[in-house]
Amino acid sequence: MSERFLVTGGAGYVGSHLVLALLDRGDEVVVIDNLRTGHRAALPAGVRLVVGDAGDPALLDAVLGEGGWSAAFHFASLSLVGESMREPYRYLLENAATGIRLIEACVRHGVRRFVLSSTANLFDQADRDLIDETTPIVPGSPYGESKHMVERALLWADRIHGLRSACLRYFNAAGADPQGRIGEDHDPETHLIPLAIDAALGRIPPLNVFGDDYPTPDGTCVRDYIHVADLADAHLRVLDVLTTRSATYNLGNGRGHSVREVIDTVGRIAGRPVPHVVAGRRAGDPATLVAGSARMRAETGWTPRHASLDDIVATAHAWRLAHPGGYGAN
Ligand SMILES: NC(=O)c1ccc[n+]([C@@H]2O[C@H](COP(=O)([O-])OP(=O)(O)OC[C@H]3O[C@@H](n4cnc5c(N)ncnc54)[C@H](O)[C@@H]3O)[C@@H](O)[C@H]2O)c1
Ligand SMILES: O=c1ccn([C@@H]2O[C@H](COP(=O)(O)OP(=O)(O)O[C@H]3O[C@H](CO)[C@@H](O)[C@H](O)[C@H]3O)[C@@H](O)[C@H]2O)c(=O)[nH]1
């Protein structure tokens, strides 16, 4: 039976892949997005886009007041680790306030299930190789801290009002829709894989490698890249869990790849080397972040279908090759 979902930030990179997955299974989707970093063109026909702020109580009352919601997915957020080290209070204030106002509005309008886009940046100083849900939380930046604030607000919304929530801590989202319908387009782009692809294609100057003196095998940072389509699938699967309880899951493939490995993989798939230079470290970057996702696999049957870095890079490369100007203007 068709269900109705609110997706804040649904015109953005990860959110738009969930919107597609919901439409593919026949659900109705309403997106609230201020289009600050998102794109109208990332949304297929049939999706209602309300352009506005996901933390605006009047707007939320108007939209949520329509009723009939199966769940709210909250992607709308400032989301750059490096930027948050330069603008800490903007991140702390805006991400926390937007999340809390949305939670409050969901409670006010009887929405029973809430899914938060949380982050691996909760774990700056992991005391183990695979970062699972029992790893102590030590946010790596004001961005990570702001996500933790919203996670904590959700805990109280559950205890006091019975709002069931899933905090999905994505590690590094990457790749594009395997059918090539949508992909990643930020302006300016700051993420490693799209930048490495554009550098290989000669569209931008050589890639800066942010530090080669980290305590990792080749000195560059290690990250767990997880395909956006697998993240979208995870969002669908947690809905069942949320009928009875709240939950927290770390989402990745459980394999780390260094910046140099990403550069080599992009070069091989693009058929041209990635020009790059070693630059200084970027503030806020932990050396290594690799997810332990056994809980998600065991409790929901989630199994990433695009787990290899080759698959992830190949889908991202195909989309960027076909869309040299991204989505174009909003
Ligand atoms: N991309 C990653 O690797 C990654 C990893 C971990 C967590 N996350 C989280 O996933 C979510 C989506 O990330 P993304 O990479 O797709 O980012 P994105 O910038 O592509 O998407 C965010 C979307 O939210 C919209 N938005 C931002 N603030 C808003 C507001 N106050 N009101 C309404 N709309 C607003 C933007 O216009 C954009 O469409 C974010 O919450 C981010 O913190 C992303
Ligand atoms: O030009 C670049 C860009 C990135 N990097 C490195 O590549 C790695 C990945 O960086 P990036 O793609 O910018 O992602 P992160 O900063 O790791 O952050 C992403 O992944 C986090 C989870 O780990 C999310 O919370 C964030 O929202 C999302 O932006 C890091 O080690 C960077 O230092 C470079 O060396 N050069």
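These legends accompany close-up views of a predicted model.

**View 1. The protein chain as a whole.** Its secondary structure comes to 10 helices and 14 strands. The radius of gyration is 19 Å, close to the 20 Å that the globule rule gives for 330 residues, so the chain is as compact as a globular protein of that length. Along the principal axes, the C-alpha atoms fill a box of roughly 50 × 45 × 40 Å. Of the 330 residues, 49% count as buried. Among contacts with a separation of 6 or more, 79% join residues 24 or more positions apart.

View 2. An unreviewed UniProt entry lists residues 6-252 as "domain: NAD-dependent epimerase/dehydratase".

**View 3. The shell around ligand 2.** There are 22 residues around this ligand. Those that come nearest are Thr119, Ala120, His191, Phe210 and Cys221. By class, the shell divides into 12 nonpolar, 7 polar and 3 charged residues. Helix H6 (192-200) and strand S8 (207-210) each supply at least two residues of the shell. The largest share, 4 residues, comes from S8.

View 4. Domain 1 covers 4-173 + 226-251, and domain 2 covers 192-223 + 255-322. Both give residues to the shell around ligand 2, so the ligand lies between them.

**View 5. The cis peptide bond at proline 188.** Most peptide bonds are trans. The bond from aspartate 187 to proline 188 is cis, with omega near 0°. Proline 188 sits in the loop between strand S7 (172-174) and helix H6 (192-200). Helix H6, at the end of this loop, also supplies at least two residues of the shell around ligand 2.

**View 6. The backbone at leucine 35.** Most residues other than glycine have a negative phi. Leucine 35 is not a glycine, yet its phi is positive, at about 60°. This residue is found in the loop between strand S2 (28-33) and strand S3 (48-51).

Key:
Residues numbered from 1 in each chain as written. Chains lettered and ligands numbered in written order. Predicted model: local features only at pLDDT ≥ 70, side-chain atom pairs only at ≥ 80, totals over all residues. Rg over C-alpha atoms; globule rule 2.2 N^0.38 Å. Buried ≥ 20, exposed ≤ 12 C-beta atoms within 10 Å, placed from the backbone. Contact = placed C-beta atoms within 7 Å. UniProt positions renumbered as here; feature names shortened; annotations may be inferred. Near = placed C-beta within 6 Å. Nonpolar A, V, L, I, M, F, W, Y, C, P; charged D, E, K, R; others polar. Domains from an automatic or database assignment.
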